[in-house]
Every structure is written in structure tokens, then in C-alpha cells.
Amino acid sequence: MREVDRRSKYDRRVFLKGAVATAPAVAIATSTGLGITDAWADEASTLAPATLKTLLKMARDIYPHDMLADSYYVTAIKPWDDKAAKDPAVKSLINDGVARLDQEANDSHKMPYVQVAWESDRVALLQRIEHSDFFQKIRGDLIVSLYNNKEVWPKFGYEGSSAEHGGYIKRGFADIDWLPKA
Amino acid sequence: MAKFDLNDSGVVVIVGSGAGGGTLGNELAQKGIKVVILEAGPRIENQDFINDEWESFGQLAWSDMRTTSGTWRVHKDFPNIPAWIVKAVGGSTVHWAGASLRFDEHEFKTKSAYGNMPGANLLDWPITLAEMEPYYAKAEDKMGVTRTNGIPGLPGNNNFKVLEAGAKKLGYKEVHTGRMAINSEPRDGRGSCQQIGFCFQGCKSGAKWSTLYTEIPKGEATGNLEVRPSSMVIKIEHDQSGKVTGVVYADATGAMQRQKARVVAVAGNSIESPRLLLNSASSMFPDGLANSSGQVGRNYMRHMTGSVYAVFEKSVHMYRGTTMAGIIRDEAKNDPKRGFVGGYEMETLSLGLPFMAAFLNPGAWGRSFTSAMDGYSRMAGMWLVGEDMPRETNRVTLDPTIKDKFGMPVASVHFDDHPNDVAMREHAYKQGAAVYEAVGATVTYPTPPYPSTHNMGTNRMSEKPRDGVVNKFGQTHDIKNLFVSDGSQFTSGAACNPTLTIVSLAIRQADTIAGAMQRKEI
């Protein structure tokens with residue numbers, strides 16, 4: 001069978017040599033799939049870096065895919081900074097939501113959400129707020145912002161648009177080779 | 001191409017250009033009758049279709065405001081998207097999967113076959129399979145349905161091969177790549193299927209039959225058909241004698257126009273068609289046009305649906321190739337011993353990664369959800385589609401408060417599953433999982449119904465005017481020059497996909513309209 005190449009498209013060394021120093025950290029991190037520093041959160045205009053880092057942790061806990069580097073989740077949640085800049089209601093939805101989540105974490109673990117070590121403990125905290133508007137907005141947005149990212153697709157073995165490649169008629173539409181003989 | 005005057009009162013106006021409206025328009029044009037098709041959506045040609053689920057949804061889907069109520073899960077997860085249908089020239093034949101099956105004989109007489117079902121509003125169709133057979137044959141030839149007219153079946157893709165292997169292990173007998181209105185070899189000026197895998201996003205190669213690039217250009221070539229895209233019909237008008245005289249529509253600029261007509265045929269799909277009749281209420285017809293029975297909007301059917309996805313140890317890549325070219329028909333029979341009446345089909349189905357995320361289990365999160373998504377490339381999938389019970393209380397009404405940009409009340413869709421639908425779905429989930437477990441599935445996912453793609457029954461056919469909206473030719477009982485030409489005519493929904501029956505009824509209706517016009521009855 002023709003398997004899908006799940007490696008990231010860009011080679012690290014090529015990236016480091018390239019003249020991409022002016023590109024925003026998120027774009028670089030996403031297009032290369034590299035592990036990233038905290039720079040992306042410091043670039044935010046409206047939301048505090050700590051707030052964005054909480055959203056990142058929350059995104060990973062809502063839709064945990066261990067094969068995906070943080071960069072894909074950053075791409076998914078970073079637009080909240082812009083939305084918060086444009087709409088004060090969004091800004092307070094996020095700031096209040098993160099504050100409540102941290103309050104839940106402090107009540108149970110004496111530390112903020114991002115520092116709670118085990119995913120299962122953090123998920124228990126999320127379950128307490130899962131009916132809130134804040135949680136539902138973040139979760140509902142992630143369904144599109146995480147899974148509709150073309151750079152994520154190969155990681156799941158999905159190939160996306162096919163017509164420009166002539167469809168799959170010569171590219172493995174019927175190449176399954178492990179089924180028992182009918 | 002023809003261009004008819006707004007004051008030309010000799011034209012037949014058809015509202016909608018999908019399987020019903022597009023087919024009727026061409027059939028009438030071929031007979032020399034002047035036709036104006038008013039299509040609410042834009043004209044998007046197949047080279048402009050997009051192989052991207054969300055982008056394509058934005059390009060094609062009917063996303064105008066609608067509201068919902070009832071116990072169906074769609075109301076909770078997608079409260080303003082009761083149906084996944086198309087707003088563009090070609091209607092939902094742009095995104096349909098191509099499955100083209102005939103009803104069984106008993107499916108035209110469900111009241112007789114199923115008896116008295118509490119909570120269901122069953123009724124026999126005023127037509128029989130024998131009467132429909134010649135029209136089914138014409139439709140299959142027109143659409144180039146595989147496994148008819150000597151047309152070979154489509155080749156099976158990976159998703160089909162998994163389904164077939166499991167079905168055979170389970171002892172199912174009728175398993176094949178379907179009767180599909182998708183060219184398995186070049187035919188009718190269109191090429192053969194390239195296994196692109198984006199049937200739902202509009203077929204870029206044109207191998208799949210759609211009125212957009214078959215019926216409509218053929219009708220236009222006669223000089224008798226004019227299609228006006230981006231023309232949303234607001235109201236049907238009538239004279240003092242009760243005959244319809246034309247329609248008022250908003251054109252592409254939003255300006256109101258009045259097109260006069262000798263005959264009006266409504267083919268806006270089963271949500272918009274009753275909405276238009278209800279929105280056309282007048283002092284003479286205070287409950288809406290053609291609604292003396294009170295049945296306009298009632299008996300809304302959407303099929304018992306659900307999906308089963310299964311994950312295997314090794315890759316499947318179900319998204320490669322024709323989406324729905326695969327079927328198991330053994331459960332389509334009526335066998336009440338299973339605990340429900342009617343039957344269901346099992347048909348291959350796949351979603352791309354973005355729609356899988358949106359529809360696998362809407363609202364779900366956490367590791368059980370992401371574990372399913374991690375298995376995407378090793379996943380096979382099937383759609384379960386079966387007959388649902390018509391219920392008077394499942395209905396399309398006018399929303400009491402919300403209006404569209406033209407000031408007209410939007411459609412509100414209420415739906416509750418009948419206990420028969422629930423029993424059938426449970427059986428289908430179990431059998432679907434068994435098919436995949438027979439060939440080594442490590443986990444199976446019973447996936448809830450999506451927003452409705454099959455919308456039926458809201459202007460149903462009946463022998464007696466008190467039981468339904470239209471007669472056996474789709475002519476309204478109340479107004480002789482007003483017709484209904486889409487799936488809203490269906491008296492019952494049958495197990496199979498509805499398009500072939502809609503097309504067959506439209507071909508038959510064209511004969512009726514042409515004959516009645518010739519005899520000056522309308």
C-alpha cells in the first residue's frame with residue numbers, strides 16, 4: 001500500500017539557513033514543526049503571555065495528540081489574541097475563563113492550571129468548567145482551527161485535495177493488501 | 001440561450017434547479033415548452049469546485065438561517081443547520097454521492113405493508129412500482145447508472161474492499177459497488193471517475209451526474225430554457241379564481257421582480273418548498289397555498305441514518321476514491337422479526353479529517369475522541385440509511401420570530417425519532433460493527449446522524465386531497481397549475497437514497513404537464 005509520508009515538510013537545516021528571520025515565530029514554528037520557545041506568546045498584543053500559555057495547555061488537554069508538536073496547537077489558539085483585540089467581550093471571556101480555571105486548580109492543587117503535572121488531574125479541572133461558554137467556545141473553535149490545518153493532515157495520514165494530482169485512480173485507491181481473501 | 005420577459009405569462013416557472021427542478025426543466029424544454037428556472041444560489045461550474053471540506057461547505061452549502069426543535073441530536077449539535085444541502089445551480093445534485101436505487105414494491109404501500117403503526121402517519125402512495133418502472137428505466141439511462149443499461153460497476157476502493165470482505169464473512173449476499181450515477185466509463189460526453197474522493201464537494205471531473213452539467217445545459221441548448229441564478233423566490237401569487245399567476249423573487253442585486261407564469265413547479269427541497277407554500281398565504285388561502293389538508297410541512301422525513309467507523313491494525317485510507325461506491329443490501333428488506341418495519345442499506349462512506357473531527361461525535365473531547373482521530377488512516381466507514389416513519393408532528397413550520405433578509409419568516413424544522421427509527425438504528429449499528437469486526441476491527445464507533453442530506457415528505461402525495469398536498473403527478477390537489485417536483489412529494493421515504501425516484505417522478509411529471517398544457521387544462 002502507498003503510505004502517507006508523515007514527516008514534516010521542511011528540513012531543519014534548510015530552515016535555519018533560510019532568510020526567514022523576519023517571519024513571526026508562530027509561522028516559522030508551524031511550517032517547520034519544530035519545538036518552539038515562548039516567543040510566540042510574548043508577541044501577543046492583547047492577551048497576557050501566561051493566558052496564552054494556559055490556552056495552549058488547555059488545547060492539548062482537550063484534543064491530546066501526542067504525535068503533534070506544540071506548534072500546531074499554537075497555530076490553533078493564537079488567533080484568540082487578535083479576536084480579543086477586536087472584541088472586548090472576547091477578551092473578558094478568555095481572561096475570566098482562564099482565571100476561573102486557575103482558581104479551580106488553586107483550590108485543588110495549590111498551583112495554577114499549567115503547573116498541574118498530570119493530564120488526568122487537569123482534565124478533571126476542565127470537566128468542572130466544560131459547560132461554560134468559555135470552554136465551549138475554545139473547544140468548538142479547536143475542532144476547526146486544529147483539524148482544518150493542512151499541515152496537520154499528513155500527521156493523521158490524510159492527503160487533502162486530490163483532483164490536481166489526477167485523483168487516486170493511479171495513486172492507491174484500491175491498494176489495500178492485508179485483507180483476508182474474500 | 002433563451003431569455004424570457006418578466007411579463008411572459010406563457011412560461012412554466014420552476015423554483016429550484018436540483019434533481020427535481022433541473023430534470024423537469026430540461027424535459028419540458030425538450031418538448032418545446034418555455035421554462036424559466038429560478039435558482040436561489042449562484043452558478044458555480046465544476047472546475048471551480050474545491051477539494052477542501054470546509055471551504056467547499058462555504059462555497060456550496062445552504063447556510064441561510066433556519067431553526068430547529070425536537071429531540072433529534074442535530075438540534076443540539078447543529079441548531080441552525082438541520083440539513084446539509086446545496087444552494088447553487090444544480091442544487092443538491094452537486095454534492096450528492098450518486099447512489100441510484102429503485103424503491104421496492106412494498107415501499108410504495110407502507111400503510112398496507114406495515115399496518116397501523118402508533119405515532120406514524122403512514123399512507124400508501126397513489127402510484128405503484130409497476131407504474132414507476134418505465135420512468136425508473138428512463139432515469140437510469142439519463143443518469144448513466146452503473147449496473148443498468150449494460151454499464152459496468154465502478155471499481156471498488158479500499159473502503160469498499162474492507163466492507164465487502166466483512167460482509168462476506170458475515171454471510172451477506174448482495175454486496176457490490178452499487179448502482180451509481182457516476183461514469184465507470186465515458187458516457188454522455190462526460191469522462192469516467194478519477195477516484196478523486198471529493199464526491200460531496202462537487203465532482204470536478206464531471207463523472208458524477210449533476211443537473212448542473214447535464215440537464216441544464218441540454219435544456220438551455222434547446223432555446224426553451226432560461227436559468228436565473230441567485231434568484232430567491234419569496235412568494236407565489238394567484239388570481240381571484242385561485243390559479244397561480246407567477247412568482248415574486250429577489251434577483252442577484254436583491255431587487256424584487258415579478259415573473260408571470262402559466263404553471264409554477266416548486267422544487268426547492270423539502271425544507272424550502274413547504275416554506276414557500278406557507279409564506280405564500282393570502283386571504284383566499286390563509287393557511288398557505290395548497291394546504292387545505294393541513295399537511296403542508298408535515299410528515300418531514302430524513303431517513304434513519306447513522307454511520308459506523310472502524311479502526312484496523314493496518315492502513316485503509318478510506319478517503320481515496322469514490323465515496324459511496326459500495327453497498328450491502330441484505331438488510332433492505334422488510335422483515336419485522338428484527339424488531340422494526342422497513343429496512344436499511346449499508347453504504348460505504350468516508351469523511352476527510354476536518355469533517356471527521358466535526359461529525360464523529362459532536363461535542364466530544366479528551367482521549368477517547370483523539371484516540372479515534374489518531375486512527376484516521378486505518379479507518380473504514382459506512383453510512384446506514386433506512387426508512388424512517390412519517391409523523392405529522394415532524395414538520396417544517398415558519399419560525400414565529402426570525403425573518404430572512406427579505407423579511408420572510410425562516411423555516412423551522414421539528415423532528416423526533418419514531419421508536420421504529422430508534423430500533424432500526426440500533427440494529428444497524430450492531431450489524432455495521434459486526435461487518436468490520438469480522439475482518440479484524442480493533443474498535444468501532446457508532447456515529448450519530450449528520451445534518452439531513454435526505455429531506456422528504458413535506459408536501460406528500462395522496463390519493464385523497466384530505467390526506468396530502470399533491471396527487472400522483474405532483475399536481476397540488478387545490479390548485480391545478482401548481483406542482484411540486486422534489487422529494488417533498490414522497491409519501492414515504494423507503495430505505496434507499498431518494499434521488500433516482502425524484503428524477504423519475506420529474507420525467508413523469510413533465511409528460512403530465514406537457515399533456516395538460518396541450519389539452520389547455522392548465
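## Ground rules

What you are looking at is a predicted model, where local features need pLDDT of at least 70, side-chain atom pairs count only at pLDDT 80 or more, and totals for chains, interfaces and linings use all residues. Residues are numbered from 1 along each chain as its sequence is written, while chains are lettered from A and ligands numbered from 1 in the order in which they are written.

## Chain A

Chain A has nine helices and zero strands; both kinds of element are DSSP runs numbered from the N terminus, helices being H or I with at least four residues and strands E with at least two. Written out along the sequence, the pattern is α-α-α-α-α-α-α-α-α.

Of its 182 residues, 34% count as buried. Buried here stands for 20 or more other C-beta atoms within 10 Å of the residue's own, exposed for 12 or fewer, and partly exposed for anything in between, with C-beta atoms placed from the backbone. Among chain A contacts between residues at least 6 apart in sequence, 63% join residues at least 24 apart. A contact is a pair of residues whose C-beta atoms, placed from the backbone, lie within 7 Å.

## Where A meets B

The contact draws 33 residues from chain A and 39 residues from chain B. On the chain B side, the elements giving two or more residues are α6 (158-170), α9 (353-359) and α10 (367-374). Of these, α6(B) gives the most, with six residues.

By type, the chain B side splits into 16 nonpolar, 14 polar and nine charged residues. For that tally, Ala, Val, Leu, Ile, Met, Phe, Trp, Tyr, Cys and Pro are nonpolar, Asp, Glu, Lys and Arg are charged, and the others, Gly among them, are polar.

## Two sheets in chain B

One open sheet of chain B has five strands in the order β5-β2-β1-β9-β17, with parallel pairing. Strands pair if DSSP finds at least two bridges between them. At the edges stand β5 (225-228) and β17 (482-484) of chain B, each with a single partner strand, so one side of each has no neighbour in the sheet. On average, neighbouring strands of this sheet are turned by 20° against each other, direction ignored; the axes behind such angles are lines fitted to C-alpha atoms, for helices over the stretch in contact, and angles run from 0 to 180 degrees between N-to-C directions. Within the sheet, β1 (residues 12-15) and β9 (residues 263-266) of chain B run parallel and are joined by four bridges, with B:V13 standing opposite B:V264.

The other open sheet has three strands, β6-β7-β8 of chain B, and its pairing is antiparallel. Strand β7 (residues 244-250) of chain B pairs with β8(B) over five bridges, and B:Y249 has B:Q257 as its bridge partner.

## Core and a covered helix

Which residues touch the most other members of the largest nonpolar core? They are B:V12, B:V13, B:V35 and B:V264, in a core of 195 residues. Such a core is a set of buried Ala, Val, Leu, Ile, Met, Phe, Trp, Tyr and Cys residues joined through C-beta atoms within 7 Å. Leaving out residues up to four places away in sequence, B:V264 touches B:V13, B:I236, B:V244, B:V247, B:N481 and B:L482.

Helix α8 (residues 269-279) of chain B is mostly covered, with 11 of its 11 residues buried. Among what covers the buried residues of α8(B) are β1, β6 (232-238), β9, β14, β15 and β17 of chain B.

## A hairpin and a loop residue

Strands β14 (residues 395-403) and β15 (residues 409-414) of chain B pair antiparallel over five bridges, with B:K403 opposite B:P409. Five residues lie between the strands of this hairpin, where B:G407 takes a positive phi near 85°.

Over in the loop between α3 (73-77) and α4 (110-114) of chain B lies B:N80. B:N80 is partly exposed because 14 other C-beta atoms lie within 10 Å. Setting aside neighbours within four places in sequence, B:N80 is in contact with B:M65, B:R66 and B:T67.

Definitions and conventions. Two residues are in contact if their C-beta atoms, placed from the backbone, lie within 7 Å.
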